[in-house]
Amino acid sequence: MLLVRASERSGTPGTWSLPGGAVDHGEDPNHTVVRETAAETGLSVAVSGLHDVLADMRALPERGITIHTDRLLYRVTVRGGTLTERVDRPTDLARWFTLDEARGLPLRSFTARALGLPASSADIVPDEAPEFPSFYAVPGPDGLHRAQRFAAYAVVTDPAGRVLLTRVSDGYPGAGCWHLPGGGTDYGEQPGAALIRELVEETGQTGRLVELLGVASHRDAASLGPEGYPIDWHGVRAFYRVVVDQPAPPTVADIGGSTCEARWFARDELGALPADRLTEVTAEAVHAAQLT
């Protein structure tokens, strides 16, 4: 396993974690993992698949903050390069370890989980999530406000093979288009749990998570929504296969929100929908699930 060590410049010096880092605004996460791995280790890698999506919280008492991070974990292969030590950077060492060797290291909690090792005490995990707004829109260099949001969505089917979609309300980006059930995750919330919660709120259905299908990255550079001003949105969206074993007539509980309707579609009805009636993530996800 290739791991990197946090330096004295980081919030958790001396701990080891998987290589990687933050997704820049508008950047495809597949490109992020290649860029960050090269920067932290000196190795050039190619993405071979998506391994998992998870979230974690850690407290930094010396800074008086708690950080929530949504993490996309990829499988990669090494194409070239040489392991490099870094001076005066947030990570300073990159090393190969066997799984048994990694077991004895102070690991970040998400790294221990990703490797299937016992939970590590290297991170300080808060008992409760702090109050936090659903997103921040901040002025960007081009004059537009920017917002980056992580969300979890579901490709939902029932025993009859129908597919459940929701329709975007007027006044929201994509108004009138059919969309996947789901939405943004709350602070401290795991993507899978957020998805099942959103499914109940938007459609009244109780589902079970089956598998992670993929991650979509889309940018809407001048989206006008209920905020009343254009926002350069970058959405990173994990989408899962979900099965509703006992389907019911869809009901929308969050009246006045971004969803105005939910409906079951037969496969032929879904296939007959014009491309411009589906949101980008919906078209990508139903294709990945081989429903069209």
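This is a predicted model: local features need pLDDT of at least 70, side-chain atom pairs count only at pLDDT 80 or more; totals for chains, interfaces and linings use all residues.
On the side of domain 1 that touches domain 2, strand E3 (43–60) and strand E4 (65–81) each supply at least two residues.

## Where the domains lie

The domain assignment of the protein chain places domain 1 at residues 2–115 and domain 2 at residues 138–289. The C-alpha centres of these two domains lie 29 Å apart, and 20 residues of domain 1 are in contact with 22 residues of domain 2.

## Area buried between them

The size of an interface is often given as the accessible area that is lost when the parts come together. Between domain 1 and domain 2 the buried area is about 1,500 Å², and carbon and sulfur atoms give 63% of that area. Within domain 1, the residues that lose the most area to domain 2 are His25, Val53 and His68, which together make up 40% of what that side buries.

An unreviewed UniProt entry carries the annotation "domain: Nudix hydrolase", which covers residues 1–120 and residues 147–287. Over residues 147–287, the chain in this model is 19% helix and 43% strand, and the C-alpha atoms at the two ends of this stretch are 27 Å apart.

Methods
Residues are numbered from 1 along each chain as its sequence is written. Side-chain values use heavy atoms; hydrogens and water are left out. Domain bounds come from an automatic or database domain assignment. Contact means heavy atoms within 4.5 Å. Buried area is the accessible area (1.4 Å probe) that two parts lose on being put together, summed over both. Helices (H or I, at least four residues) and strands (E, at least two) are DSSP runs, numbered from the N terminus. UniProt positions are given in the numbering used here, feature names are shortened, and annotations may be inferred rather than shown by experiment.
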